[in-house]
Amino acid sequence: MYDIENYYQAESVKDAVRLLNEHPDARIISGGSDVLIKIREGKFAGTSLVSIHGIKEIQGVKMADNGDIYIGAGTVFSHITNDAIIRKYIPVLGEAVDQVGGPQVRNIGTIGGNICNGAVSADSAPTVFSLNALLRLEDGKEGRLVPVKDFYLGPGRVDLRQGEILTYVIIPAKEYEGYHGHYIKYSMRNAMDIATISCSVMSKVNQQAGVIEDVRITFGVAAPVPYRCTKAEEALKGMKIEESLYEKTAQLIREEINPRDSWRASRAFRLQIGGEIAARALRRTVELAGGDRI
C-alpha cells in the first residue's frame with residue numbers, strides 16, 4: 001500500500017524547483033527504488049511527491065571541452081555502466097553502479113537518487129569520493145557547486161536544502177586523467193544485497209620510478225558516511241610497487257577505519273575484510289596501469 005497525498009510531475013529543472021518551493025513537505029522521486037519502499041514501509045506515509053523522472057536535461061553523460069565529465073543526476077545505473085565516455089575514461093564508476101541490486105533496479109535507479117539518499121552503503125558513493133566529484137545543485141537562482149565529501153552530513157543526511165535539486169555529478173578531468181580505479185563490494189550474498197563493506201581505490205603509477213605517485217581510498221560502511229582514508233593515502237604515496245606495498249596497505253587501513261558492530265557483521269570482521277579488499281583493489285589498479293610489469 002502506497003500512502004501518497006499528492007503527486008506532481010515536473011517538466012524541467014526549473015519546474016521541479018518551483019514545485020518543491022510550493023510544496024515544501026514534498027519529496028523528490030525519480031526511479032523510486034528507495035522512496036517507494038520507504039512509503040510502503042510507512043516511513044514516508046502521507047507524503048507528497050515531485051517527480052523528476054523524464055526530465056531530459058539531467059539525463060545522460062557528456063564531456064566538456066576541458067575534459068570534465070558531466071553525469072546527469074537522472075541517469076540510470078545501466079546507462080552509466082554502458083556509456084562510452086564512462087567506459088573509456090572512468091570505467092570504475094560503471095563497474096561500481098553495476099553492482100547495485102538487480103537488473104530491474106539498475107534500469108530505474110539513478111545516480112542522483114543513490115547519492116541524495118545519503119546511505120553509507122550506496123555503491124556509487126565510494127567511487128565518486130575517490131574521484132573528488134563535484135555536485136551541481138540548482139535552486140532557481142545561482143545554485144551551488146559542492147564537493148561530494150562535504151555533501152554527506154551523517155547517516156541518511158545530506159546537504160540538500162529546501163527547493164534544491166541535484167542536477168549533475170561532475171568529475172573534473174584532473175581527477176581521473178592518469179588514474180586507474182577498482183571497486184570491491186563485499187556482501188554476504190552475491191546477488192541483490194547491500195554492501196557489508198566496500199572500497200573504491202584510484203591510483204596513479206609512476207612507471208619510470210616504479211612507485212605509487214598518488215592514491216585515493218574510500219570505504220562504504222566503515223563510518224557513518226563514506227570515508228576517505230587520508231592517513232593511509234599519504235603514507236602510501238611514493239612507495240615502491242612490490243608485495244610489501246599491499247601488506248602495508250592492509251595494515252594502514254585496519255588502523256584507520258572505524259566500522260561498527262551490526263547484525264550484518266562485527267567490527268572485527270569488517271576490519272579484517274576492509275584491509276584485504278583495499279589491498280586487492282590497489283593491486284588491481286596497479287595492474288591496470290601496467291605496474292605489474294615493473
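1. Start with a charged pair. The side chains of Arg228 and Glu233 meet in a salt bridge, with N and O 2.7 Å apart. Glu233 is buried, at a relative accessible area of 4%. Keep in mind that this is a predicted model.

2. Other salt bridges deserve a look. The whole structure holds 18 of them. One of these joins Glu138 to Arg136, with the closest N and O atoms 2.9 Å apart. Arg136 is partly exposed, with 21% relative accessible area.

3. Glu276 forms a salt bridge with Arg280, and the closest N and O atoms are 2.7 Å apart. The two residues are 4 apart in helix 12, so about one helical turn separates them. Glu276 is partly exposed, with a relative accessible area of 32%. Arg280 is exposed, at 53%. Elsewhere, salt bridges that share partners form one network of Lys174, Glu175, Asp214, Arg216, Glu234 and Lys237.

4. Now strand 3. Is strand 3 (residues 47-51) enclosed or open? Of its 5 residues, 5 are buried, so the strand is largely enclosed by the rest of the structure. In a regular strand, side chains alternate between the two faces of the sheet. Both faces of strand 3 are covered. Thr47, Leu49 and Ser51 are buried on one side, and Ser48 and Val50 are buried on the other.

5. Strand 3 has parallel neighbours. Strand 1 (residues 4-9) runs parallel to strand 3 and is joined to it by 4 bridges. Gln9 has Ser51 of strand 3 as its bridge partner. Strand 2 (residues 27-29) also runs parallel to strand 3, with 3 bridges between them. Here Arg27 is partnered with Leu49 of strand 3.

6. Strand 2, helix 2 (residues 35-41) and strand 3 make up a β-α-β unit, and the unit is right-handed.

7. Look next at the surface. Tyr2, Ile4 and Tyr7 form a nonpolar patch there, with about 300 Å² of accessible area together.

8. A disulfide is a covalent bond between the sulfur atoms of two cysteines. The structure holds 0 disulfides. The cut-off for a disulfide is 2.5 Å between the sulfur atoms. Seen from Cys229, the closest cysteine sulfur is in Cys199. Cys199 is buried, at 0% relative accessibility. Cys229 is also buried, with a relative accessible area of 0%.

9. Most residues other than glycine have a negative phi. Asn132 is not a glycine, yet has a positive phi of about 50 degrees. Asn132 lies in the loop between helix 8 (125-130) and strand 6 (134-138). At 25% relative accessibility, Asn132 is partly exposed.

10. Val221 is found in the loop between strand 13 (211-220) and strand 14 (227-228). Buried or exposed? Val221 counts as buried, at 15% relative accessibility.

Technical notes: Residues numbered from 1 in each chain as written. Predicted model: local features only at pLDDT ≥ 70, side-chain atom pairs only at ≥ 80, totals over all residues. Heavy atoms only, no water. Buried < 20%, exposed > 50% of the residue type's maximum accessible area, 1.4 Å probe, protein only. Pairing = 2+ DSSP bridges. Right-handed = clockwise from strand over helix to strand, strands pointing away. Patch = residues over 30% accessible without salt bridge, like charges linked within 9 Å, V, L, I, M, F, W, Y side chains within 5 Å. Areas by Shrake-Rupley, 256 points an atom, 1.4 Å probe, with all protein chains shown as cover. Salt bridge = Lys/Arg side-chain N within 4 Å of Asp/Glu carboxyl O.
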